[in-house]
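Take a moment to look over the chain before reading on.

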Amino acid sequence: MHTVAITGSGLYIPPHIITNEELVESYNAYADLYNAEHEAAIASGQREPLPHSNAAFIESASGIKQRYVIEKEGILNPKRLHPYLQERPNDSLSLMAEIAVDAARKALADAGKTPADVDGVICSASNMQRAYPAMAVEIQSALGIEGFGFDMNVACSSATFGIEQAVNAIRSGTARSVLVINPEITSAHQAWLDRDCHFIFGDVCTAVLVERMDKAKPGSWEVLGTKLATVFSNNIRNNFGFMNRSEDAAPEGRDKLFMQEGRKVFKEVCPMAAAHMSTHLESLGLNSANDVRRYWLHQANLSMNQLIAKKLLGSKEFSADVAPIILDEFANTASAGSIIAFHRHNKDLKAGDVGVICSFGAGYSIGSVVVRKH
Ligand code: CO8
């Protein structure tokens with residue numbers, strides 16, 4: 001059995017920013033158009049008018065100030081409210097693979113490695129651009145990696161679940177190193193026309209290189225343990241799928257985009273995530289309040305992370321230094337959030353420091369990766 005480490009990380013940031021103010025302006029223009037179009041039905045009580053969104057509400061309810069997106073004109077067009085993305089010919093690199101390759105190259109450079117050092121690629125994200133061939137195989141080919149690639153989807157927990165698969169492959173000796181890549185083009189399946197959630201998501205791609213410890217550069221993060229858990233819930237759901245056509249279901253139906261019961265998710269997932277991490281740490285002989293220098297948590301909601309961190313820290317004071325926040329800048333980037341936090345906030349820690357990467361989201365799914373710096 002080999003000891004395993006996370007040796008590098010990479011981040012692709014899309015070119016466009018949408019602030020809460022810009023987003024609310026376009027949503028409110030859409031609501032006005034809708035209300036004008038349905039004026040008679042609204043007046044007769046057959047339809048409810050759409051109320052305006054509000055930038056101050058968004059920031060206070062979620063902590064989000066802006067999001068990055070791959071294309072913004074389509075999202076901000078009140079007659080469209082989703083991005084303009086162009087279909088590419090089969091012999092061109094697909095968009096999801098393009099952003100994955102960018103993040104992967106940065107992770108390799110951070111680890112001081114080349115594609116020749118890598119045996120596998122896991123593309124792990126909330127949505128795949130197509131059914132097949134697997135995105136990971138296209139990414140593997142574009143990077144010039146020999147070995148294998150496969151896709152997996154555990155929604156917001158895709159990154160930590162992918163890391164566990166990489167860790168197991170390396171620990172058992174079937175791979176020397178594996179790239180785990182999380183391209184999240186959330187803007188293409190976000191419900192921009194729903195006031196309750198139109199502000200939640202942003203686009204991004206993250207990648208980490210997982211390697212045998214004996215091949216790792218100094219300053220790498222030894223993986224002390226991983227722990228995954230799932231409990232079925234309909235509170236976060238998207239019914240888009242390959243059977244829609246045969247079911248004669250409306251392709252534009254509201255349930256074919258992201259849907260959630262945000263309050264229920266908040267209430268149910270916070271205690272689950274905190275208990276999951278405490279139990280995982282205890283199983284490794286570590287205490288959640290005293291032995292962990294940093295928590296890189298999933299980035300869905302500021303109050304959610306503050307609540308989870310307080311549960312973990314007990315009487316110890318919560319600070320952004322212990323549980324860094326990146327969602328103000330990036331919004332919720334599904335599986336990539338905890339990895340962005342790790343990427344941005346791990347170099348300042350010292351040898352011996354322990355950290356926890358933890359994701360939580362649809363499924364419900366929770367994944368934790370406990371690491372120690374060398
Ligand atoms: N502007 C103004 N008012 C609003 C708005 C708005 N935009 N939205 C709602 N309101 C109103 C509501 O109507 C309500 O009014 P009233 O009190 O009169 O009924 C009031 O504001 C409060 O609304 P909520 O109860 O909905 O507000 P909350 O305080 O609960 O905040 C949040 C809403 C921010 C969504 C919060 O519930 C939250 O963050 N919950 C947790 C969400 C979460 O973690 N979800 C995980 C999803 S991510 C995941 O698992 C990955 C899925 C795959 C990726 C998909 C990519 C597209």
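Begin with Thr-160. Set aside its neighbours within four places in sequence, and Thr-160 is in contact with Leu-228, Ile-357, Ser-359, Gly-367 and Val-369. This is a predicted model. Thr-160 itself sits in helix 7, which covers residues 158-172. Is Thr-160 buried or exposed? Its relative accessibility is 1%. Buried means under 20%, so Thr-160 counts as buried.

Now follow those contacts to the strands. Strand 13 takes in residues 365-373. Eight of its nine residues are buried, so strand 13 is largely enclosed by the rest of the structure.

Which strands pair with strand 13? One is strand 8, residues 221-230. Strand 8 and strand 13 run antiparallel, and nine bridges join them. Look for Thr-226: it stands opposite Val-369 of strand 13. Val-369 is also among the contacts of Thr-160.

Another partner is strand 12, residues 354-361. Strand 12 and strand 13 are antiparallel too, joined by eight bridges. Here Val-354 has Arg-372 in strand 13 as its bridge partner. These two strands form a hairpin, with three residues between them. Find Gly-363 in that turn: its phi is positive, at about 140°.

Next, move to another pair of strands. Strand 2 covers residues 16-19, and it pairs with strand 3 in the antiparallel sense over four bridges. His-16 has Val-69 in strand 3 as its bridge partner. What about the two faces of strand 3, residues 66-69? Both are covered. Gln-66 and Tyr-68 lie on one side, Arg-67 and Val-69 on the other, and all of them are buried.

Now step back to the whole chain. Its secondary structure comes to eleven helices and 13 strands. Of its 374 residues, 53% count as buried. Take the contacts between residues at least 6 apart in sequence: 78% of them join residues at least 24 apart.

How does the overall size fit? A compact globule with 374 residues would have a radius of gyration near 21 Å, and this chain agrees because its own value is 21 Å. Along its principal axes, the C-alpha trace spans about 70 × 55 × 35 Å.

The accessible surface comes to about 16,500 Å², and 52% of it belongs to carbon and sulfur atoms. The chain carries 35 positive and 42 negative side chains. The centres of these two sets lie 6 Å apart.

Notes:
Residues numbered from 1 in each chain as written. Predicted model: local features only at pLDDT ≥ 70, side-chain atom pairs only at ≥ 80, totals over all residues. Heavy atoms only, no water. Buried < 20%, exposed > 50% of the residue type's maximum accessible area, 1.4 Å probe, protein only. Pairing = 2+ DSSP bridges. Rg over C-alpha atoms; globule rule 2.2 N^0.38 Å. Contact = heavy atoms within 4.5 Å. Areas by Shrake-Rupley, 256 points an atom, 1.4 Å probe, with all protein chains shown as cover. Lys, Arg positive; Asp, Glu negative; His and termini not counted. Charge placed at Lys NZ, Arg CZ, Asp CG, Glu CD.
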